Structure formats: C-alpha cells, structure tokens
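Subject: Structure handover

Hello,

Here is the structure I promised you. Please open it and keep it beside this email while you read.

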Amino acid sequence: MILWRCKISSKEKRIKRLLSEPYRKDIRFDELVLVMRDFGYRLDRIKGSYAYFLHSDYPNICVPKHEPVKVFYIKQINVLLKAQEESR
C-alpha cells in the first residue's frame, strides 16, 4: 500500500505560521518580509527602526523592525491580510 503525502510549500507554511491564532511570539522580521512579499507588498524603505511596506491596491503598513516582531503588530497585520484575502 502506497500512501501519498501532500507537500506544503514553504510559502504556505510561512503564511500559515503568521496567520495562525493564537498569535505567535517568535516571528522574525525576515519572515515577516517574505510573507508581506507573498501578499504583494514590497519593502519600500527602512528609516530608523521602522520598515515601510507598500502595496498598490491596499493600505501601506509601517512596522517597527524588532526581533522578534511584537505580537501587537502581528495582530494588526493579520487583520489587514485576512481582509485582503476576503476581498479577492
């Protein structure tokens, strides 16, 4: 008997990790950048300790560059990204 395993891409794993509740406290900034890129945002600039993500169709996001990213910002990003998914 052969069992087939479904492989989940690393992109899907990153998104699932960021959007999962309860919110994780160990999300690194570089992971956040990759997930934001997956949703169509681009890292515009880092000025001081703040990173600015831009998107042509959705609101811009400003996040402090901390390691790890604080849960408060993860929650805010979750709300925006889930609303973005629903509008597709």
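Start with helix H2. Its buried residues are Phe-29, Glu-31, Leu-32, Val-33, Val-35 and Met-36. Buried means under 20% relative accessible area, exposed means over 50%, and partly exposed lies in between (1.4 Å probe, protein chains only). These buried residues pack against H1, strand S1 (42–47), strand S2 (50–54), strand S3 (61–64) and helix H3 (71–87). After H2 comes Gly-40, with a positive phi near 95 degrees.

A word on the source. This is a predicted model, where local features need pLDDT of at least 70, side-chain atom pairs count only at pLDDT 80 or more, and totals for chains, interfaces and linings use all residues. Residues are numbered from 1 along each chain as its sequence is written, and side-chain values use heavy atoms, with hydrogens and water left out.

Now the whole chain. The protein chain has three helices and three strands. From the N terminus the order is α-α-β-β-β-α. Helices (H or I, at least four residues) and strands (E, at least two) are DSSP runs, numbered from the N terminus. Of the 88 residues, 27% are buried. Take the contacts with a separation of 6 or more: 45% of them join residues 24 or more positions apart. Contact means heavy atoms within 4.5 Å.

Next, how do H1 and H2 pack? Their axes are 10 Å apart, at an angle of about 110 degrees. Axes are lines fitted to C-alpha atoms, for helices over the stretch in contact, and angles run from 0 to 180 degrees between N-to-C directions. So H1 is roughly perpendicular to H2 (the range for that word is 65 to 115 degrees; under 35 is roughly parallel, over 145 roughly antiparallel, and the rest oblique). H1 brings Lys-11, Arg-14, Ile-15, Arg-17 and Leu-18 to the contact, and H2 brings Glu-31, Leu-32, Leu-34, Val-35 and Asp-38. By class, that is five nonpolar, no polar and five charged residues. Here Ala, Val, Leu, Ile, Met, Phe, Trp, Tyr, Cys and Pro count as nonpolar, Asp, Glu, Lys and Arg as charged, and the others, Gly among them, as polar.

Last, the charges. Side chains of opposite charge can pair when their charged atoms come close. A salt bridge is a side-chain nitrogen of Lys or Arg within 4 Å of a carboxyl oxygen of Asp or Glu. By this rule there are eight.

Which residue of H2 pairs with Arg-17? Glu-31 does, with the closest N and O atoms 2.8 Å apart. This pair links distant parts of the chain, with Glu-31 in H2 (residues 29–38) and Arg-17 in H1 (residues 10–19), 14 residues apart. Glu-31 is buried, at 13% relative accessible area. Arg-17 is partly exposed, at 22%.

Arg-17 also forms a salt bridge with Asp-26, at 3.7 Å between the closest N and O atoms. Asp-26 is partly exposed, at 37%. Asp-26 meets Arg-24 in a salt bridge too, at 3.1 Å, N to O. Arg-24 is partly exposed, at 32%. Arg-17, Arg-24, Asp-26, Arg-28, Asp-30 and Glu-31 are linked in a network of salt bridges.

Best wishes
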